[in-house]
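Colleague: Could we go through this model together? I would like to begin with the charged side chains and the aromatic rings.

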Amino acid sequence: MPQPPPPPRLVVFGLSLALGLWPAACQGPSPTPEPIEAGPIALVAPPGALPEALLDGFTRATGISVALRESVEVEALLRAGEPIDLALLPTEALPGLIEDGLLAPIDHSRLPGFRRVPYSFRDLAYDPGNRYSVPLRYGISGLILRLGAVEAFPRSWAELLSPGPGGRLILPRRPREVIGAALLAGGHDANAEDPAALAAALERWRALGPRRLQVLSPGESGAEALARPGAAGLIGRAADLSAARAAGLDVSFVVPVEGGLLWIEHLVLPEAGTRPASALRLVEHLLRPDVAAELARSGSVALANTALPDALAPDLLADRAVWPELRVLRRSGMLLPLSPAGRALHASIWEQLLALLGGAGS
Amino acid sequence: MSRALLRDALWRQLGLAVAVMLAAMLLLALAAHGLLRGFEQQAWRGRQAEAAEAAAASVGRYVLRAEDAIRFAGVLDGVYLEAFPDALEAILDQDDLLLELLRVDASGEILATARRGAPVLAEQFTIAEASWFREAAAGRRYLSAVQQGATPVPSLLLALPALDGGVVVARLRSETLWDAVDAFRFGEGGRAYVVDREGRLLAHSDPDRVLASFSLEGRPELAALRSAPAGRWSGAYRNFEGLEVLAATAPVGAAPAAEADTALGAPAGGGEWYVFAELPRDEAFAWSRLAWRWLTGALALLGLLTLAATAWLLAQLIWPLRLAPLGLPLSPAVATAGATEADALGQTQALSRRDIEALRGAFDDMYNRVTDIDRLTSEFLATVSHELRTPLNSVIGYAELILGGLNGPLEAEMQQDVEAIYENGQLLLRLVNDLLDLAKIEAGRLELELVRIDPAGLLEATRAANTRQLEQKGLALALEPAPDLPLIWGDPLRLQQVLDNLVSNAIKFTEAGEVRLAARREGDWLVIAVSDTGIGISEADRETIFERFRQLDGSFTRRAEGTGLGLAISRHLVRMHGGRIEVESQPGAGSTFRVLLPIEETPSHSRGLAIGTLL
């Protein structure tokens with residue numbers, strides 16, 4: 001029996017195409033897994049701000065290790081391009097770093113703990129929408145006075161800076177707070193950039209004279225300086241007050257009538273960081289009520305966390321040096337970022353003040 | 001002609017007819033699907049744009065509702081508020097959308113507050129640095145992203161400048177907005193959601209998405225929205241939930257904001273909120289998808305049935321050609337000699353004269369029947385080809401119109417689909433035209449319309465017709481007409497078809513070098529030569545290239561694009577002109593096809609050729 005020739009290939013092709021196309025329309029997407037970052041988180045923070053024990057707790061909970069580096073020059077390290085995954089920075093440093101592209105945007109969808117940040121710290125003008133920063137700690141700088149070393153408590157910065165007899169005043173190595181106090185004393189804003197106002201502030205310190213002023217040496221604590229004979233007061237924070245009390249000094253915290261100096265520190269993710277996801281998990285960890293409470297207890301500092309009133313003991317919350325009243329906070333001058341020209345002016349004033357007092361450089 | 005050749009010819013013709021029919025039907029299905037899909041997309045795009053505008057208006061009303069209360073609070077100055085400290089409470093009580101109202105002066109000092117539940121804004125101690133204060137104090141309307149705080153009720157902040165240079169800020173219940181957006185549906189799966197300029201999700205049918213601070217930042221639809229004029233954009237993409245969707249966007253509150261200028265000095269801009277109206281692609285193309293599935297399914301079934309019917313038909317027509325089943329009056333020696341033709345032929349020496357006469361008669365009868373079958377097949381092909389051209393021309397025409405933007409701009413995927421329809425339609429049309437010519441030739445119905453032709457013009461027209469193909473291959477076509485070329489009698493369209501085919505083949509098989517088209521007189525003949533520097537043709541192939549469906553590798557495959565009918569038709573057309581085609585070639589060195597046409601004072605050639613001459 002003769003065999004018929006095979007059908008033309010076009011027929012086979014046409015049928016294959018028709019049959020092949022029929023079921024081809026029912027495909028779906030497949031999700032992509034998140035990458036896992038290796039190595040410890042490189043964290044930079046001011047000395048004592050983030051205790052190692054607290055970070056160990058994070059490592060135990062997540063398996064992610066943290067390499068903490070303490071420095072008073074966090075901004076300088078970031079600008080030097082150091083491979084830092086997470087940093088704790090004061091407000092003043094934020095806009096410049098943002099503008100220079102050194103900070104990475106924060107993915108708020110992976111930071112549910114942000115809901116515990118109070119409205120007072122959200123969406124402020126220097127970082128709208130908290131796109132680059134998560135507020136963590138805050139407080140007020142005021143006067144820490146040794147009882148018995150002063151005859152009468154000064155009620156204002158102006159009164160404190162009045163020439164005359166009195167004990168020695170210790171100045172921290174935080175230029176914005178020192179200059180801010182003198183500006184407030186002169187009736188100016190703590191963030192004033194007016195050269196005349198700044199010159200007047202310097203003149204106030206100069207009038208007080210080197211005999212009544214001392215700038216903390218690098219590495220020296222406020223409590224240590226305050227414990228020395230002749231020291232009457234310190235421009236400092238609640239943590240300094242706590243340390244002085246722990247050292248057995250009889251001290252008291254005064255917020256002058258012009259207002260204290262409100263400072264805020266923020267967690268930021270540097271653009272140069274290589275572990276943003278791990279760093280964000282650490283931020284989330286630090287926003288946990290129990291962790292924030294521990295941080296507040298160990299550092300004698302207020303945390304920007306709405307859960308703390310429930311997580312802290314009432315006696316701790318009653319410490320007005322750590323947790324100032326609302327009216328005190330409203331009255332205080334918030335330390336804000338300066339313009340480049342303002343930063344230069346403030347730096348110049350600080351250098352002149354150090355030279356006047358024979359301080360060991362900045 | 002042997003039976004084997006006849007059988008092969010029938011198989012080829014019927015097989016090709018079936019293939020063409022199936023391909024045409026597939027193309028028609030593809031075209032129908034593409035057109036339906038295009039119409040569906042256009043229809044949905046318009047409806048979605050309307051839906052987005054409607055949703056934006058609904059969201060705009062939410063904002064306006066809050067603004068009315070805020071504007072009223074902005075009119076009340078510090079003196080009034082001191083005298084009537086409950087004034088803000090009264091405003092708050094008017095609308096449960098408001099969770100908290102705060103009136104501050106130009107320095108950020110609080111003048112009055114009112115609230116439902118725990119205070120939030122009233123406890124803010126950084127008011128002077130807050131974005132809501134800075135924006136509103138600068139005369140701009142401020143709308144925040146969704147805020148979650150210590151209180152369980154998510155909220156939005158809306159701040160407007162007050163008349164005295166201060167600011168009024170309100171905390172608004174987000175759920176009211178979410179309910180308004182969630183209620184907005186179109187189609188079965190169509191829905192809307194709201195984002196701000198930064199891409200932060202403000203309202204969505206899934207509130208958890210909003211509460212998780214989800215943002216569209218980095219997604220292509222947000223980039224497209226940002227670059228769209230006035231916040232109005234439409235397109236298709238895979239959304240953040242992994243769903244293929246068609247979408248349209250609209251800005252919120254742009255028009256109402258203009259009215260706001262007259263009240264409290266709030267500028268236009270609408271707070272930079274945008275509505276996305278999304279529809280799942282599956283739903284948008286449900287009808288075209290269904291049509292496509294039915295059409296392809298039906299085609300597959302039809303194809304199988306056609307193949308089966310063809311096989312059965314051929315079995316009925318061809319297999320009876322075997323001698324014994326024909327019932328011929330053969331002698332017993334022959335009748336029992338064997339079933340095959342070879343067996344029968346092998347027995348011829350033993351046949352009687354009567355048997356030989358009977359066999360001759362049988363073969364004549366068989367030849368006549370096969371000739372009838374071949375003629376019927378050719379007529380069938382001519383009819384089918386003609387009927388296919390009409391819808392094919394429609395498909396190509398519509399595809400061309402769609403590509404030309406008849407229904408607006410096409411998506412990239414859609415553009416590729418329609419281009420595929422257009423290109424394959426053209427290919428199929430060429431095939432159908434060749435088949436039609438073939439069928440006409442074999443049916444003896446192809447006629448020439450003879451006129452006097454200038455060969456030089458014919459050469460020019462050939463070059464013009466192949467310009468695009470030459471450019472694509474980067475080749476040149478050298479025209480070399482002799483100066484004293486005589487006029488000839490011929491059908492210009494058919495001769496043009498012959499030369500186009502030869503030049504097109506030369507270009508197709510030449511990768512480098514040139515193609516030459518020369519014409520000169522040789523005695524009583526006009527010789528038009530098409531030369532190339534291509535792959536050449538072996539001596540064995542030169543014998544077969546004029547057969548139907550043959551290409552240079554001697555197979556029926558389409559290694560090079562083409563039907564394999566061109567040379568067969570060309571040779572036939574030249575023969576109808578009383579001429580012939582010769583070929584000279586060296587493999588690897590190129591080929592020259594010489595078309596010889598008679599130079600006559602009066603035309604003497606217009607006859608078609610009989611069936612079988614193209615084999």
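Modeller: In this predicted model, the charged end of Arg580(B) is placed over the ring of Trp525(B), 5.2 Å from its centre.

Colleague: And in chain A, over which ring does the charged end of Arg237(A) sit?

Modeller: Over the ring of Trp263(A), where the distance to the centre is 3.8 Å.

Colleague: How many aromatic pairs are there over all chains?

Modeller: The count comes to ten. One of them joins Phe121(A) and Tyr138(A), with 4.7 Å from centre to centre and 50 degrees between the planes, a tilted arrangement.

Colleague: Which parts of chain A does that pair tie together?

Modeller: Phe121(A) belongs to the loop between helix H4 (94-99) and strand E4 (133-146), whereas Tyr138(A) is in strand E4 itself, so the pair links parts that are 17 residues apart in sequence.

Colleague: Are Phe121(A) and Tyr138(A) buried or exposed?

Modeller: Both Phe121(A) and Tyr138(A) are buried.

Colleague: Why is the pair of Tyr80(B) and Phe84(B) classed as tilted?

Modeller: Because the planes of Tyr80(B) and Phe84(B) stand at 35 degrees, with the ring centres 4.8 Å apart, and angles under 30 degrees would count as stacked, those over 60 as edge-to-face.

Colleague: Which residues form the aromatic cluster with Phe240(B)?

Modeller: Phe240(B) is in one cluster with Tyr193(B), Phe214(B) and Phe276(B).

Colleague: Back to E4(A). How many of its residues are buried?

Modeller: 13 of the 14 residues of E4(A) are buried, so the strand is mostly covered.

Colleague: Which strands does E4(A) pair with, and in what sense?

Modeller: E4(A) pairs with strand E9 (residues 261-268) in the antiparallel sense over eight bridges, and Val134(A) stands opposite Leu267(A) there. With strand E10 (residues 302-303), the pairing is antiparallel over two bridges, and Arg137(A) has Leu303(A) as its bridge partner. Strand E7 (residues 231-236) of chain A is an antiparallel partner of E4(A) over four bridges, and so is strand E8 (residues 251-254), over four bridges.

Colleague: What stands opposite Leu143(A) in E7(A) and in E8(A)?

Modeller: In E7(A), the bridge partner of Leu143(A) is Ile235(A); in E8(A), Leu143(A) stands opposite Val254(A).

Colleague: What does chain A look like overall, in terms of helices, strands and burial?

Modeller: Chain A has 15 helices and eleven strands, and 51% of its 362 residues count as buried. Of its contacts with a separation of 6 or more, 75% are between residues 24 or more positions apart.

Colleague: Let us turn to the five-stranded sheet in chain B. What is the strand order?

Modeller: The order is E2-E1-E5-E4-E3 in an open sheet with antiparallel pairing. Strand E2 (110-115) and strand E3 (142-143) are the edge strands, each pairing on one side only. E2(B) pairs with strand E1 (residues 98-104) over five bridges, and Val104(B) has Ile110(B) as its bridge partner.

Colleague: Which strands does helix H5 of chain B lie across?

Modeller: Helix H5 (residues 174-182) lies across strand E4 (155-161) and strand E5 (167-173) of chain B, at about 60 degrees to E5(B).

Colleague: Finally, what is Met25(B) in contact with, beyond its neighbours in sequence?

Modeller: Met25(B), which is in helix H1 (residues 3-75) of chain B, is in contact with Leu299(B) and Leu302(B), leaving aside neighbours within four places. The C-alpha atoms of Met25(B) and Leu299(B) are 7.2 Å apart, although 274 residues separate them along the chain. Met25(B) counts as partly exposed, at 26% relative accessibility.

Key: Residues are numbered from 1 along each chain as its sequence is written. Chains are lettered from A and ligands numbered from 1 in the order in which they are written. This is a predicted model: local features need pLDDT of at least 70, side-chain atom pairs count only at pLDDT 80 or more; totals for chains, interfaces and linings use all residues. Side-chain values use heavy atoms; hydrogens and water are left out. Rings of Phe, Tyr and Trp (its six-membered ring) pair if their centres lie within 6.5 Å; planes under 30 degrees apart count as stacked, over 60 as edge-to-face and the rest as tilted. Buried means under 20% relative accessible area, exposed over 50%, partly exposed in between (1.4 Å probe, protein chains only). A charge sits over a ring if NZ of Lys or CZ of Arg is within 6 Å of the ring centre and within 35 degrees of the ring normal. Two strands pair if DSSP finds at least two bridges between them. Contact means heavy atoms within 4.5 Å. Axes are lines fitted to C-alpha atoms, for helices over the stretch in contact, and angles run from 0 to 180 degrees between N-to-C directions.
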